[in-house]
Amino acid sequence: MSLRPTRRSVVAGLAGLAAAPFVASRSARAAGSIVAAAFPGSWEDAYRATVAPVVKAAGTDLVLAPALAQDQLARLLATQGRPAFDAMMVSPGQTTEAISRGLIEKIDPSRLKNWSKLLPAAQTEWGPNVTVEITGFAYNPRLVPKPRTYRDLFDNPVYHGKVGWIGFGSNTATLAWVEIAKAFGGSEDDMSPAFKMLAEHLNKGAVIANSGNQQMALYQQNEIAVFMSSVGNVANLKARGVSCEFAHPTTGSPALPVALHLVKGSTNAEGVYQYMDAAISADVQRKLALPPTEILPTNTDVPLTDSLKSFISDADIKNLIYPNWAKINPNRAAWSAEFDRVVKK
Amino acid sequence: MVRSGIPFVAPMVALSVAGFLMPLAVLAAFSFRDPAGGFGVGNYAKLLADPLALEVLFDTLFLGAKVVTLTTLLGLPIALLYWHAGPRQRSLIVFLTLLPMLTSNVVRTFAWIVILGRQGPVSQMLLQLGIIPFPRSFLFNETAVVVVLSQIELPLLLLPIMAVMSRADRNLVSAAQTLGAGPWRIAWSVLLPLAAPGILAGWVLVFASATTSYVTQAVIGGARHIYLPQYIYREVGVLFQWPSAAAIAMVLLASTGVVMAALAALARHPRLAAHG
């Protein structure tokens, strides 16, 4: 047998190499697996440890792909027709975008056994809400007093140089900026007062980070003592022994429901339903409500843990703010560009 | 001989075509797509008319130049040490050069947060010496980005220089000494030309790596120092403007490509190439 290659064998070899990723990908998906995007870090870890075994028992392999909500949208937009995920995990800001861009499908609730156990507010036609993230201030009680309002962070010199800020790529930060704008005379579609305060505050040592994860790293190194955060992030830091407390703004805490969606073009919708059903089941949500994740349950059979009650009282729940994403989303790109212009040295 | 070698290089060629050239072609085509679905140079025109984008482009190129300068200043003494060292010491220097590369770039970058932070050793040392009155952070400024990138990219400069020097004939130095040249003259007229191809190769690697190092630029520089990789990420991840991001990526590729091509052309100069 000759080892000398012919043109035909070289072409066949190259074609085989080029086709290999597609063949592998199809066989992996055909074997009853789904790829679900999940927030990186504690969410991804918790879902891998808690949700994946339940989905596996139902007959589907759950592959978790870590990605922030905005990243998930960006990746789906880049792979329309052949989506990178079967299911996505996002907040209302991205849900609105995903609907308007035709990236997700309405679900059939009758295919979810645990649907009736969900809080009515968690039942949406585009998929179940698996939690509501409550946002406010994460602060270090050893370094600064408890912040009470967004104005405090700008008006009280004790916070100058100790607050971390990020831009509009983050949902938590976007909600905080909207509240800051409102505190200084703006609104959900008028961010100019917030940019004015930010520009003035830059000279007082404001720390501008690139992402929420970077902010948490800076917090742990005592580079900042306050940042806009969800209860979950504070619980996570506390569970690691970091001095961190959560403070609700007296003007109300912005709420961010987290929903699971069926991505249009998914090749395994049945697997996605199994995944959704597992994520809203009482067993899973009971485990996720425990430290270090402390994810607020949406299944009515799951009681609030004592630890969660220490973060959120009934009065706090009544004082939650649900922003109007339909007003916020059209402005987000312009605000993001303006934020960069304001903070750029 | 050439024909019989094809099967061995075919996988690499196929991988390069499928994993680099084809995506690059798609990216280039994407950069000419306008929001209405047509094709044109609108994304490039918008980019080049935006003062912020131009500032970010020049900041990125200057960042690369500053990192190349600092790595050269730090690297040349180590290269000289390598030249004068015996075989065992040379192995040790190569090992110590490679050692940081065994740790992830991300880990090294986060280690610098601790070093340059408010409670870090730099701040504490300056405080103890009475140079600063209270602990302060040395993060979030361009000097910090240049220092950190220089530490991270230093092996990329040193390894090509060491590769060139390990092949150089030591008798050239003896000949220069015999002809009466002093240490500085030898360094300038013999060692530097000998090392030049390695230095230029190192500059190309350091420049390309420093200008595209998203993690270090973002983590050490913070959001107030924006370089092109962060700018591209913002276009894709926040604004979902893929064509615009593709145009910025092509501009980054072209601008770093021009600098690298100039350095490569310099390396082919007869006077330098003769020593390679």
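In the predicted model, helix α4 (residues 92–100) of chain A packs against helix α14 (residues 325–343) of chain A at an angle of about 75°, with the two axes 10 Å apart; axes here are lines fitted to C-alpha atoms, for helices over the stretch in contact, and angles run from 0 to 180 degrees between N-to-C directions. α4(A) is therefore roughly perpendicular to α14(A), a term that covers angles of 65 to 115 degrees, whereas those under 35 count as roughly parallel, those over 145 as roughly antiparallel and the rest as oblique. Helices (H or I, at least four residues) and strands (E, at least two) are DSSP runs, numbered from the N terminus. On the α4(A) side, A:Pro92, A:Gly93, A:Thr96 and A:Glu97 meet A:Trp325, A:Ala326, A:Ile328 and A:Asn329 of α14(A), contact being assigned where C-beta atoms, placed from the backbone, lie within 7 Å. The residues of this contact divide into 4 nonpolar, 3 polar and 1 charged, where Ala, Val, Leu, Ile, Met, Phe, Trp, Tyr, Cys and Pro count as nonpolar, Asp, Glu, Lys and Arg as charged, and the others, Gly among them, as polar.

Apart from neighbours within four places in sequence, A:Ala87 is in contact with residues including A:Ala36, A:Leu260, A:Val272 and A:Tyr275.

Chain B holds 13 helices and 0 strands, and its C-alpha atoms fill a box of roughly 75 × 70 × 35 Å along the principal axes. Of its 276 residues, 34% count as buried, that is, with 20 or more other C-beta atoms within 10 Å of their own. Among contacts in chain B between residues at least 6 apart in sequence, 72% join residues at least 24 apart.

Between the chains, 33 residues of chain B are in contact with 33 residues of chain A. α1 (6–30), α5 (105–116), α10 (214–221) and α11 (228–237) of chain B each give two or more residues to this side of chain B, with the largest share, 6 residues, coming from α1(B). By class, the side of chain B that touches chain A has 21 nonpolar, 8 polar and 4 charged residues.

Residues are numbered from 1 along each chain as its sequence is written, while chains are lettered from A and ligands numbered from 1 in the order in which they are written. Local features need pLDDT of at least 70 and side-chain atom pairs count only at pLDDT 80 or more, whereas totals for chains, interfaces and linings use all residues.

Key: Two residues are in contact if their C-beta atoms, placed from the backbone, lie within 7 Å. A residue is buried if 20 or more other C-beta atoms lie within 10 Å of its own, exposed if 12 or fewer, and partly exposed in between; C-beta atoms are placed from the backbone.
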